[in-house]
Each structure stands twice: as structure tokens, then as C-alpha cells.
Amino acid sequence: MAHSRSALKRWRQNERRRIRNKAVRSGARTSVKKTITAIEVKAEDTGENIREAISALDRAAKKGVIHANNAARRKSRLMARLNAAQGAVAIEKKAPARKRAAAGAKKTTARKTAAKKTSASKPGATRTTRTKTAKS
């Protein structure tokens with residue numbers, strides 16, 4: 001339990017905000033799920049549902065209930081689903097970030113070694129190295 005008056009007030013404020021945030025987050029989730037269901041069954045009101053879901057996500061991000069990038073990611077995935085259902089573009093799953101980073105590191109290492117080999121093989125090319133100079 002909180003000990004000071006200010007800590008008690010902060011506790012009460014946090015509790016009120018938690019309940020309000022819970023309602024906003026739940027509403028956003030519900031509208032997203034309704035939209036996904038409408039997309040899968042190819043309902044006629046899909047456009048209306050998707051506008052409602054995007055609006056709910058934007059409101060949640062504006063209030064700080066979810067992060068702006070989280071809202072953007074969810075909206076992007078909804079639109080990708082809609083486009084895939086309409087036959088425009090297939091959804092492609094990305095590899096997890098750590099795997100993408102590892103793959104990128106391998107490519108850059110390979111490029112660096114290839115560059116070293118080609119520069120060393122050129123006639124008259126010399127590698128320069130940095131030397132420490134003493135300050136006087």
C-alpha cells in the first residue's frame with residue numbers, strides 16, 4: 001500500500017486510467033476481429049468494418065493506450081489481408097527480426113571480404129593503415 005498522500009492519489013489515477021485504457025484496447029481488438037471475420041466471409045460491409053477498425057486503432061494510439069507503430073502495424077496487416085482476399089497481393093510472412101539481422105550481417109561480411117580481395121589484386125594498389133601519432 002502507498003504511504004504518502006501523493007502516492008495514494010497516483011494509485012487512484014492509475015486505477016482509473018487502467019480501466020479506461022482496458023475499454024479502449026478491448027474495443028479496438030473487437031473491431032479488428034470483426035473486420036477479419038468480415039474479410040474471411042467476404043461480407044458486403046467489409047469496407048465499413050475496416051474503416052471502423054482503423055479508426056479505433058487510431059483513437060487508441062492517440063490516447064496512448066497502444067503505441068503509434070503498433071497501430072500502424074495492425075492497420076497494415078488488416079489492409080494486406082483485405083488485398084489478399086480480393087486477390088490483389090498474396091500475404092508474405094517476414095522472417096523474425098533477429099534472423100533478418102543475421103542474414104544481413106552475413107551479406108555485409110561477404111561483401112567486405114570480396115572488396116578486400118579485389119582491391120588487393122589490383123596492380124599498384126596498396127592498403128593503407130592508420131598509425132597512432134604522439135601528440136606533443
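Me: What is a salt bridge, in terms of the atoms involved?
Reply: The term applies to a side-chain nitrogen of Lys or Arg and a carboxyl oxygen of Asp or Glu. The pair qualifies when the nitrogen lies within 4 Å of the oxygen.

Me: How many salt bridges does the structure hold?
Reply: The structure discussed here is a predicted model. By the criterion of a nitrogen within 4 Å of a carboxyl oxygen, the number of salt bridges in the structure is 4.

Me: Which residue forms a salt bridge with Lys34, and how far apart are the closest N and O atoms?
Reply: The limit for such a pair is 4 Å. Lys34 meets it with Glu52, the closest N and O atoms being 3.9 Å apart. The partner is therefore Glu52, at 3.9 Å.

Me: Which helices hold Lys34 and Glu52, and how many residues apart in sequence are the parts that the pair ties together?
Reply: Lys34 belongs to helix H1 and Glu52 to helix H2. The pair therefore ties together parts of the chain whose separation in sequence is 18 residues.

Me: What is the distance between the closest N and O atoms of Arg81 and Glu40, and which helices hold the two residues?
Reply: Arg81 and Glu40 form a salt bridge in which the closest N and O atoms are 3.5 Å apart. Because Arg81 lies in H3 and Glu40 in H1, the pair ties together parts that are 41 residues apart in sequence. The distance is 3.5 Å, and the helices are H3 for Arg81 and H1 for Glu40.

Me: Which accessibility classes do Arg81 and Glu40 fall into?
Reply: A residue is exposed when its relative accessible area is over 50%, and buried when the area is under 20%. Arg81 has a value of 34%, while Glu40 has a value of 56%. Arg81 is therefore partly exposed, and Glu40 is exposed.

Me: Which residue forms a salt bridge with Lys75, and in which helix does that residue lie?
Reply: The closest N and O atoms of Lys75 and Asp58 are 2.6 Å apart. Lys75 lies in helix H3, and the pair ties together parts that are 17 residues apart in sequence. Lys75 is partly exposed at 21% relative accessibility, as is Asp58 at 34%. The residue asked for is Asp58, in helix H2.

Me: Is Ser31 buried or exposed, and which residues does Ser31 contact beyond its neighbours within four places in sequence?
Reply: Ser31 is found in helix H1. Its relative accessible area is 4%, so Ser31 is buried. Leaving aside the neighbours within four places in sequence, the residues in contact with Ser31 are Glu52, Ala53 and Ala56.

Me: How far apart in space are Asn70 and Leu57, C-alpha to C-alpha?
Reply: Asn70 is placed in helix H3, which spans residues 68-85, and is buried at 18% relative accessibility. Asn70 and Leu57 are separated by 13 residues in sequence. Their C-alpha to C-alpha distance is 8.8 Å.

Me: Which element gives the most residues to the patch of positive charge on the surface?
Reply: The patch gathers Lys9, Arg10, Arg12, Arg16, Arg17, Arg20, Arg59, Lys62 and Lys63. Helix H1 (5-41) and helix H2 (46-63) are the elements that give two or more residues to it. Arg59, found in helix H2, is partly exposed with a relative accessible area of 45%. The element that gives the most, with 6 residues, is H1.

Me: What pattern does the protein chain follow along the sequence?
Reply: The protein chain has 4 helices and 0 strands. Read along the sequence, its pattern is α-α-α-α.

Me: What percentage of the residues in the protein chain is buried?
Reply: A residue is buried when its relative accessible area is under 20%. The protein chain has 136 residues, and the buried share of them is 15%.

Conventions:
Residues numbered from 1 in each chain as written. Predicted model: local features only at pLDDT ≥ 70, side-chain atom pairs only at ≥ 80, totals over all residues. Heavy atoms only, no water. Patch = residues over 30% accessible without salt bridge, like charges linked within 9 Å, V, L, I, M, F, W, Y side chains within 5 Å. Areas by Shrake-Rupley, 256 points an atom, 1.4 Å probe, with all protein chains shown as cover. Lys, Arg positive; Asp, Glu negative; His and termini not counted. Charge placed at Lys NZ, Arg CZ, Asp CG, Glu CD. Buried < 20%, exposed > 50% of the residue type's maximum accessible area, 1.4 Å probe, protein only. Contact = heavy atoms within 4.5 Å.
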